[in-house]
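Hi there,

Here is the structure I promised to pass on to you.

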Amino acid sequence: MTLFRTMMAAGAAVATLGLSPALAQDYKDEYRVSTVVPEPFPWGIAANRWADLVAERTEGRINMKIYPGVQLVQGDQTREFTAMRRGVIDMAVGSTINWSPQVKELNLFSLPFLMPDYAALDALTQGPVGERIFEILEDNGVVPLAWAENGFREVTNSKVEIRRPEDMEGLKMRVVGSPIYNDMFSAMGANPTQMSWADAQPALTTGAVDGQENPLTIYSVLNMHELGQTNVTLWHYVADPLIFAVNQEVWDSFTAEDQEILRSAAVDAGAHGIEVAREGLTEDDPSLIEEIRGYGVNVVSLTEEERQAFVDITRPVYEEWTDVIGADLVEMAEESIANR
Ligand code: X2X
């Protein structure tokens with residue numbers, strides 16, 4: 001039994017003795033929920049839905065306020081997890097990428113070309129891998145409740161059509177806060193620079209970087225075509241799911257009934273968020289891709305052969321990071337995907 005579980009068991013025993021039951025009147029006036037982007041990004045929509053559902057179902061006992069732009073950690077999204085664990089942030093709807101500096105297993109979702117489609121992503125988050133990831137987060141001192149989605153991250157730039165790794169030679173790319181992204185883009189011959197989301201936007205505007213990678217929902221809400229990002233390659237190389245989570249002490253302060261409301265509201269908000277994140281980006285409904293094409297953007301999909309060249313060139317990174325993440329977890333993920 002881990003120390004965490006021992007403490008939980010002790011806590012439960014105390015609660016049954018009636019010594020310190022959580023009382024609704026001890027609640028804070030406001031619970032601070034961190035996100036990177038606000039509405040109308042699907043991420044912000046999921047967070048707002050969570051807060052609204054909780055307010056409604058607790059009849060106002062729990063009042064959650066969303067703080068977008070990771071403003072509670074001065075815009076540094078790689079510090080969000082630590083801040084939540086320490087209670088500087090009460091709750092978060094966070095990306096697996098942004099929490100992976102502290103929880104190395106979360107790099108699983110950044111393994112290049114692991115998840116070919118939405119069914120593969122669902123096979124991970126909704127299967128044994130998702131359960132294992134939640135156990136790992138609990139062992140790291142936060143309470144995970146449900147999944148939502150930022151999306152498949154596609155590569156965009158202002159200079160060239162990207163179909164082959166060679167096309168990326170020397171491209172200045174803004175990458176997110178896990179070193180695996182530096183490794184991947186270096187392997188492809190690009191010139192990656194790690195930057196927070198807050199810094200990425202001015203860097204794209206001024207042309208300090210040539211390109212970036214993010215889900216198309218982020219691209220379209222920001223009108224990145226107006227920032228010169230007129231080449232988009234749909235390569236589905238990684239996807240970042242989002243996780244709803246609560247600081248442990250805050251969680252323990254809620255009554256069992258309110259904990260259940262928080263959890264089920266997160267599950268419902270997550271389902272809605274996933275739906276919104278995929279809108280217009282599926283085979284059945286590619287309307288968002290068409291809309292982006294309509295702005296004169298060069299949107300390309302890769303042939304199987306073209307995709308394979310990227311798989312091959314990033315394979316050493318995949319293998320190296322398998323050791324960091326844990327071979328067992330990667331194997332479990334590969335198996336879940338194969339059986340999806
Ligand atoms: O910084 C990004 O690229 C973003 C908004 O997608 C994340 O927070 C992972």
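**Before you start**

This is a predicted model, so local features were taken only where pLDDT is at least 70 and side-chain atom pairs only at pLDDT 80 or more, while totals for chains, interfaces and linings use all residues. Residues are numbered from 1 along each chain as its sequence is written.

The protein chain has a mean pLDDT (the predictor's confidence in each residue, from 0 to 100) of 94, and 93% of its residues reach 70 or more. Residues 1-19 have a pLDDT below 50, and beyond near neighbours in sequence this stretch has 9 contacts in the model. A contact here is a pair of residues whose C-beta atoms, placed from the backbone, lie within 7 Å. For the complex, the predictor gives an ipTM of 0.99 and a pTM of 0.93.

**Around the ligand**

Which residues surround the ligand? They are Val36, Val37, Gln77, Ser95, Ile97, Asn98, Asn150, Val176, Trp197, Asn214, Ile218 and Asp240. To be listed, a residue needs its C-beta atom, placed from the backbone, within 6 Å of the molecule. By class, this shell has 6 nonpolar, 5 polar and 1 charged residues. The classes are Ala, Val, Leu, Ile, Met, Phe, Trp, Tyr, Cys and Pro as nonpolar, Asp, Glu, Lys and Arg as charged, and the others, Gly among them, as polar.

**The nonpolar core**

The largest nonpolar core has 97 residues, and Ala46, Trp50, Val93, Phe244 and Ala245 touch the most other members. Strand 8 (residues 231-247) gives the largest share of this core, 10 residues. Two terms need explaining here:

- A nonpolar core is a set of buried Ala, Val, Leu, Ile, Met, Phe, Trp, Tyr and Cys residues joined through C-beta atoms within 7 Å.
- Buried means that 20 or more other C-beta atoms lie within 10 Å of the residue's own, exposed means 12 or fewer, and partly exposed is in between, with C-beta atoms placed from the backbone.

In soluble globular proteins, nonpolar side chains tend to be buried together.

Valine 93 is in contact with Val33, Thr35, Trp43, Ala46, Ala47, Trp50, Ala148, Leu242 and Phe244, leaving aside its neighbours within four places in sequence. Alanine 245 sits in strand 8 and is buried because 29 other C-beta atoms lie within 10 Å. Not counting residues up to four places away in sequence, alanine 245 touches Met84, Met91, Ala92, Gly94, Leu137, Val142, Val143, Pro144 and Leu145.

Glycine 94 belongs to strand 3 (residues 91-95). With 30 C-beta neighbours inside 10 Å, glycine 94 is buried too. Among the residues that glycine 94 touches are Ser34, Trp99, Leu242 and Ala245.

**Helix 2**

Helices (H or I, at least four residues) and strands (E, at least two) are DSSP runs, numbered from the N terminus. Helix 2 is largely enclosed by the rest of the structure, because 12 of its 16 residues are buried. The buried residues include Trp43, Ala46, Ala47 and Trp50. At 1.5 Å a residue, helix 2 should span 22 Å, and its end C-alpha atoms are 22 Å apart, which agrees. That expected span is 1.5 Å times one less than the number of residues.

**Backbone details worth a look**

Most residues other than glycine have a negative phi, and most peptide bonds are trans. These are the places to check against that:

- Glutamate 39 and proline 40 are joined by a cis peptide bond, with omega about 5 degrees. Proline 40 lies in the loop between strand 1 (31-34) and helix 2 (42-57).
- Glutamine 74 has a positive phi near 50 degrees. Glutamine 74 is in the loop between strand 2 (64-67) and helix 3 (80-86) and counts as exposed, with 11 C-beta neighbours inside 10 Å.
- Phenylalanine 113 has a positive phi near 65 degrees. Phenylalanine 113 lies in the loop between helix 4 and helix 5 and is partly exposed, with 18 other C-beta atoms within 10 Å.

How values were computed:
Two residues are in contact if their C-beta atoms, placed from the backbone, lie within 7 Å.
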